[in-house]
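This briefing goes through one protein model, topic by topic. Look at the sequence and the structure first, then read the points below.

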Amino acid sequence: MKRKKNTEDVIVKKKCTTFDYVLAILFVGVLIMTLYPFLNVLAISLNDPMDTMRNINMLFPRKFTFSNYVYIFTENDLMKPLMMSVVRTVLGAALGVICTAMIGYVLSRQDFYFNKPFTIIFVITMYVSGGMVPEYLLLMRTLHMGNNFAVYILPGLVWVYNIILVRSFIDGLPIALQEAAKLDGANDFVVWYKIILPLCKPVLATVALFVAVGQWNSFMDTYLYARELPTLQYVLYEIMEKATIKIDPHAAVDQMKNAVSPMSVRMAITVVATVPILIVYPFLQKYFVGGMTVGAVKN
């Protein structure tokens, strides 16, 4: 009997080991598929322009060159657009989080009589919108917000998806905390500021990440409403559109080192636009994961 059990244990161990190998191979394959696009973009941005035009694109450049980044940063004034993007991202994320938290708290109140009607109205706007033309007429002709910094903040101040996210998170909090605060004489604003906000750090960090990424990547609003207040993304978009092959076939070898190609410039712009988000995301990752699990049971 003991020999049979030992044999069965060995078989089970072998099966588990084989499964572990298969799982490891699967994860490695998923990792390669995930990292390959970014590594390819990075390789093209650092690639020699002649290799790029010949479609010699690998995970690692055959000839390293920083001419694409030099072209982006030296031939264009990016400091003012960079500051504009930073200000709109920070200010837009801060105001967006505050307004979203306020609306989410109001919609989570059980004693709010118009809770369901307002929720339905908000949700409808996720599926039906006026379109670009009415929005343009409203912002430019009615509100006169053309070339005004407020056009970067007010139209995207509140996202319905973020409101639902915050409301669902608040619904999972113990209602006894709010009732105890009101028994101590706290009003609704004090309850929201001192009770709800500290407990909603995970979901608020998630909302801040969503809004900040949206503000940082946005360039269409600059193109339509505020060309006199260019942001970094809009300037990079213009550089990408104007990028042409700057290679003289009769130039000397030393001059060829400073040449750029449109594809390499586009990939370099993609890296420049993505790196700030990659830097910020690790600091918000733990809050991001916690904020997305809004259905978890709170202690």
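Which residue lies over the face of Y223? R227 does, at 4.2 Å from the ring centre; a charge sits over a ring if NZ of Lys or CZ of Arg is within 6 Å of the ring centre and within 35 degrees of the ring normal. The model is predicted, so local features need pLDDT of at least 70 and side-chain atom pairs count only at pLDDT 80 or more, while totals for chains, interfaces and linings use all residues. Residues are numbered from 1 along each chain as its sequence is written, and side-chain values use heavy atoms, with hydrogens and water left out.

**Aromatic rings**

- Rings of Phe, Tyr and Trp (its six-membered ring) pair if their centres lie within 6.5 Å, and planes under 30 degrees apart count as stacked, over 60 as edge-to-face and the rest as tilted. This rule gives 11 aromatic pairs.
- F112 is partly exposed because its relative accessibility is 26%, and F114 is partly exposed because its value is 44%. Buried means under 20% relative accessible area, exposed over 50%, and partly exposed in between (1.4 Å probe, protein chains only).
- A single aromatic cluster is formed by F112, Y113, F114 and F118.

**Nonpolar cores**

- A nonpolar core is a set of buried Ala, Val, Leu, Ile, Met, Phe, Trp, Tyr and Cys residues joined through side-chain atoms within 4.5 Å. The largest one has 20 residues, of which I196, C200, V203 and L204 touch the most other members.
- At least two residues of this core come from each of α4 (79–108), α7 (160–171), α9 (188–199) and α10 (201–217). Helices (H or I, at least four residues) and strands (E, at least two) are DSSP runs, numbered from the N terminus.
- α10 supplies the largest share of this core, five residues.
- Another core, of 19 residues, lies apart from it and includes L236, I239, V265 and I269.

**A buried glutamine**

- Q233 is in helix α12 (residues 232–242), and it counts as buried because its relative accessibility is 9%.
- Beyond its neighbours within four places in sequence, Q233 is in contact (heavy atoms within 4.5 Å) with S85, W216, N217, S218, F219 and A273.

- L177, Q178, A181 and K182 in α8 meet D188, V191, I195, I196 and L199 in α9.
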